[in-house]
Amino acid sequence: MRDGTTAIRVRPGVYDDLVALTGIYNHYVVHTPVTFDIAPVDVDARRAWLDAHPATGRHRLLVAEEAGTVLGYATSGPFRDKQAYETSVETSVYLAPGHTGRGLGGLLYDALFEALATEDVHRAYAGITQPNAASMRLHERFGFRPAGVMEQVGRKFGAFWDVAWLEKRLGRPEPGR
Ligand SMILES: CC(C)(COP(=O)(O)OP(=O)(O)OC[C@H]1O[C@@H](n2cnc3c(N)ncnc32)[C@H](O)[C@@H]1OP(=O)(O)O)[C@@H](O)C(=O)NCCC(=O)NCCS
């Protein structure tokens, strides 16, 4: 993607990104209910998270970078731990504050779902704390459909929050379903 004169590149995340990625995530931890972590995570703890998202397989981490600055990232991770869930992933995308509204979320999801197209993934799920119109729209655009709303499932900043779950089919078409 070209925005002005600078190229935006999407690539797998690496250790050198950890400080920037942690900073982006912690912004949303501290200031918003979009994630239900309440305390900021530290960079060292994020190493295991990065290791769990290698450059191949179901669980990916893709980073958008412009002139050496990390602008955001998208991930696919385990949906639930038990083994029969392994063909399902939970996806998410976080952009640095100040870089929303430029289409970067779509750029990252394009790359993430292109990467997953050749993997053994059957369903992707996204849990979106309500309200979040931009995230709902982004996920709908990528073929996610409503799978149910969990009402007041989390408490943060002294309030209870609803989470809408969205589901996307991946892989081969499913006749009759
Ligand atoms: C959610 C997020 C990833 C979306 O990425 P983005 O690059 O900002 O999204 P875009 O600018 O491409 O907008 C996505 C769509 O939402 C629409 N949109 C944006 N803000 C909106 C709003 N306030 N109300 C309604 N629609 C809105 C856009 O018009 C666009 O629609 P289109 O696909 O029909 O063109 C990004 O805003 C973000 O990082 N937000 C904070 C973290 C977050 O909420 N992450 C998601 C956790 S589930």
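## The loop at Phe157

Phe157 is located in the loop that joins β7 to β8 (159-169). Strands here are DSSP runs of E with at least two residues, helices are runs of H or I with at least four residues, and both are numbered from the N terminus. Although Phe157 is not a glycine, its phi is positive, at about 55°. Phe157 counts as exposed because it has 9 C-beta neighbours inside 10 Å. A residue is exposed if 12 or fewer other C-beta atoms, placed from the backbone, lie within 10 Å of its own, buried if there are 20 or more, and partly exposed in between.

## Basis of the model

The model is predicted: local features need pLDDT of at least 70 and side-chain atom pairs count only at pLDDT 80 or more, whereas totals for chains, interfaces and linings use all residues. Residues are numbered from 1 along each chain as its sequence is written.

## Other backbone features

Gln152 belongs to strand β7 (residues 145-156). This residue also has a positive phi, about 50°, without being a glycine. Gln152 is exposed, since 10 other C-beta atoms lie within 10 Å.

A cis peptide bond connects Gln130 to Pro131, with omega near -5°. Pro131 sits in the loop between β6 and α4.

## Overall fold

The chain contains four helices and eight strands. In sequence order they give the pattern β-β-α-α-β-β-β-α-β-α-β-β. The C-alpha trace spans about 45 × 40 × 30 Å along its principal axes.

A compact globule of 177 residues would have a radius of gyration near 16 Å, and the value for the chain, 16 Å, agrees with this. The radius is taken over C-alpha atoms, and the globule rule is 2.2 Å times the number of residues to the power 0.38. Buried residues account for 24% of the 177 residues in the chain. Of the contacts with a separation of 6 or more, 61% are between residues 24 or more positions apart; a contact requires C-beta atoms, placed from the backbone, within 7 Å.

## Packing of α1 and α2

Helix α1 (residues 18-31) packs against helix α2 (residues 43-51) at an angle of about 100°, and their axes are 10 Å apart. The two helices are therefore roughly perpendicular, a term that covers angles of 65 to 115 degrees. The axes are lines fitted to C-alpha atoms over the stretch in contact, and angles run from 0 to 180 degrees between N-to-C directions.

On the α1 side, Leu18, Val19, Leu21 and Thr22 meet Val43, Arg46, Arg47 and Leu50 of α2. By class, this contact has five nonpolar, one polar and two charged residues. Ala, Val, Leu, Ile, Met, Phe, Trp, Tyr, Cys and Pro count as nonpolar, Asp, Glu, Lys and Arg as charged, and the others, Gly among them, as polar. The loop between α1 and α2 holds Ile38, which is exposed, with 12 other C-beta atoms within 10 Å.

## Surroundings of the ligand

The ligand is surrounded by 22 residues, of which Leu95, Gly105, Ala133, Ala134 and Arg137 are the closest.

Helix α4 gives the most to the shell, with six residues. The shell consists of 11 nonpolar, eight polar and three charged residues.

Terms used. A residue is near a molecule or strand if its C-beta atom, placed from the backbone, lies within 6 Å of it. Two residues are in contact if their C-beta atoms, placed from the backbone, lie within 7 Å. Angles under 35 degrees count as roughly parallel, over 145 as roughly antiparallel, 65 to 115 as roughly perpendicular and the rest as oblique.
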